[in-house]
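The following note sets out several points for a reader who is new to structural description. Please keep the sequence and the model in view while reading.

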Protein chains: 2
Amino acid sequence: MKDLRLDRFLADRVNLMAASEIRELLKITEGRKVISLAGGLPDPQTFPKDELKGIINKILSENGDRALQYSPTKGIGELRSELTNFLNCRGVPINNSDDIIVTSGSQQALHIIALTLINPRDYVVMELPSYLGAINAFRLSEPNFVGIPLDDDGMNVDILEARLRRLYGEGKTVKLVYTIPIAHNPAGVTMSLQRRKHLIELSEKYDFIIVEDDPYSSFTYEPSDTTSLKSLDRSNRVIYLSTLSKILAPGLRIGWIAASKEMVDVFERCKQSLDLHTSTFAQFISLEAIKSGVVKSVIERAKVIYKRKKDIMLEALEKYLVPGCWWSKPVGGLFIMLRLPREDLNTSKMLFEAIDAGVAYVPGGSFYVDGSGANTMRLNFSFPKEEDISEGIRILSSVVRNHL
Amino acid sequence: MKDLRLDRFLADRVNLMAASEIRELLKITEGRKVISLAGGLPDPQTFPKDELKGIINKILSENGDRALQYSPTKGIGELRSELTNFLNCRGVPINNSDDIIVTSGSQQALHIIALTLINPRDYVVMELPSYLGAINAFRLSEPNFVGIPLDDDGMNVDILEARLRRLYGEGKTVKLVYTIPIAHNPAGVTMSLQRRKHLIELSEKYDFIIVEDDPYSSFTYEPSDTTSLKSLDRSNRVIYLSTLSKILAPGLRIGWIAASKEMVDVFERCKQSLDLHTSTFAQFISLEAIKSGVVKSVIERAKVIYKRKKDIMLEALEKYLVPGCWWSKPVGGLFIMLRLPREDLNTSKMLFEAIDAGVAYVPGGSFYVDGSGANTMRLNFSFPKEEDISEGIRILSSVVRNHL
């Protein structure tokens, strides 16, 4: 019997599905002695294992029949209520728990947004650099990406305005702007309050949607204003995403979208075909972990650990890196961005050599929708052990030196 | 500030997203005293709550750091190995654990298949009736559905062959055939072995893919041949799906796809953008539940419960329903299909009246891709309490009587 020839059966959109460099890389390093500064994993020290034992025993005793059963697509009501309180306390105003849908991690939130809001050729604004998971999710809907550079105050909203003026002058319209305003991944910067207000004004003037992705605002290492775009929104233009992945455990895959009820209803219709609903059991665990204060204590513990690790990485960069390299001084989040001194250096090509030498990172090129960033890389400091951070940077600097 | 006008922002494909009648219905009945014969929920009596407490305590003690962390898109290796054994023991031959990808319920498996294999206007064959979740997932890719009727021996493969001959004669090709060969949802029938073999021959002759959805083969109530299509496949044409939802707990959202490694690699690339990976924690729980024999004991317990409930429902139908009604005598699964005596009766319209009278079901129309089936309904017997089954059918029969 002749085997099926798969290439003739694949849908055209498979070409749009990037094999994420980050996850491919996780595979390459598997089983090798490599210090990984790639990935964006939380430190497992922060996982509240003992507290979860108690929580889960209680759930199975008191609510087992519901926690193991099918549940509504939008998420269980108690979790949506608890998230409403949680967000309101953190300066993200939510009127009603019906304005929230629970998702299977915020990656699914991004996929739902791509499916429900983006048509082929729609203009979608992304920061340069931006989160790879968002770029990949949106790409499936074949938008025209518009890249807007970042600086120490976040997305350069003046450049955005100039670009909008030009696009609208040509009769084009922008459908949505995706941003990580607080503690940006990978850039480590926070958008200034003035720019946040300006962005909101632009969204009203030019009539576009803002997707505010907020996984890291619990981890700011300097006193800073974390006013959410959502709290500045007066016209239901802001779609707010967040997740428990960094403040409880990524293995539960619990994220959410907060938006107008009207939008949430559309997201719900979409999610139904994607996975019916997010794990009921993980939702009950999340509910109890927020309610009992476990999440709050994880945040406090993690923030101390990550600040220390960040400082260790910054010191090591200072100590080892050759002159001419630039790196971000993150005000929050889990990453440092490193730029090599020459434009012709390619961190993708350098990666295998780095892995052979014993260190892994994520090449920066794929974070830039405009094809730039080939001489940048993203370094994660939340996951590696403290002693490995310095050693990893030492190895990395010698690999870089070889290329200069 | 003028509120965003959402309708102008929605992607065109939102029109393809059906609000599933089943799930909308679950909402309507919420908080009312209605006997629900809708849904397809397992009986919570079958949930192994105490066993899960032990399993989870062990996981958190011994493997907590991994179980709460991010994990590979394809699924954790140990679960894929365990599923390989599990399937091999059940007559579904899998060569290698790399031929399996873990999904967030089998609904996600269907979504992945729709995204990776179906282009707009591709011909996709569905049984009449078929599983609503599959119809909805596939519809997002805008296929041309071809409906093939079922009888007591499952899909009528002779009719399929005639249809294939006609389509191919017109220069058209079929990309995939979706079937639930064993203990069909909603029809309750099993495809005869002879037809299964014939279907495999056709897939080779006409060069199409078979999607074999197998959520119910653990629940057959009469001795019957459950040879999988996958075991008859000689040319990597069969994509096999199944789930732990009915044999452990749907709240965990653990399903999987077994196919050629080449296909699984494409599914993995796709899944990456959908949700990164399925809950690591739920995967560890599933792994231990299979390995320790808990799943096996759930199957044994559930099978006895469901057979008894099925018999109760059949007796009640016999006792109460007016002459001229037809219903299936399921050889397996969780459902009975009921057809009312006149073609002009519409079970969708009758539903609200039924809910007012105190019973809910799923109108059959949405299970038929050809627009037929308006006078049918699906009745679930796995979830309702035994005493409610008779009472529900009694109420239903009086609603039906009012319409005759």
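1. Strand E11 (residues 335-339) of chain B and strand E14 (residues 376-380) of chain B pair in the antiparallel sense, over 5 bridges. Strands here are DSSP runs of E with at least two residues, helices are runs of H or I with at least four, and both are numbered from the N terminus. Two strands pair if DSSP finds at least two bridges between them. Within this pairing, Met337(B) stands opposite Arg378(B) in E14(B).

2. The model is predicted: local features need pLDDT of at least 70, side-chain atom pairs count only at pLDDT 80 or more, and totals for chains, interfaces and linings use all residues. Residues are numbered from 1 along each chain as its sequence is written, while chains are lettered from A and ligands numbered from 1 in the order in which they are written.

3. E11(B) is also joined to strand E10 (residues 326-327) of chain B by 2 bridges, and these strands run antiparallel. Trp326(B) stands opposite Arg339(B) in E11(B).

4. Is E11(B) buried or exposed? Of its 5 residues, 4 are buried, so the strand is largely enclosed by the rest of the structure. A residue is buried if 20 or more other C-beta atoms, placed from the backbone, lie within 10 Å of its own, exposed if 12 or fewer do, and partly exposed in between.

5. Chain A is divided into domain 1 (7-47 + 296-402) and domain 2 (49-293); these bounds come from an automatic or database domain assignment. The C-alpha centres of the two domains lie 24 Å apart. In chain A, 36 residues of domain 1 are in contact with 35 residues of domain 2, contact meaning that C-beta atoms placed from the backbone lie within 7 Å. On the domain 1 side, helix H11 (294-320) and strand E11 (335-339) of chain A are the elements giving two or more residues, and H11(A) gives the most, with 9 residues.

6. Between the chains, 72 residues of chain B are in contact with 72 residues of chain A. Several helices of chain B each supply at least two residues to this side, among them H2 (49-67) and H9 (261-275).

7. Chain B can be laid on chain A with an RMSD of 0.0 Å by a turn of 180° and a shift of 0.0 Å along the axis, superposed by least squares on the C-alpha atoms of residues with pLDDT of at least 70 in both. That is the relation of a two-fold axis. The same surface serves both copies, as 100% of the contact residues of chain B recur in chain A.

Key
Contact = placed C-beta atoms within 7 Å.
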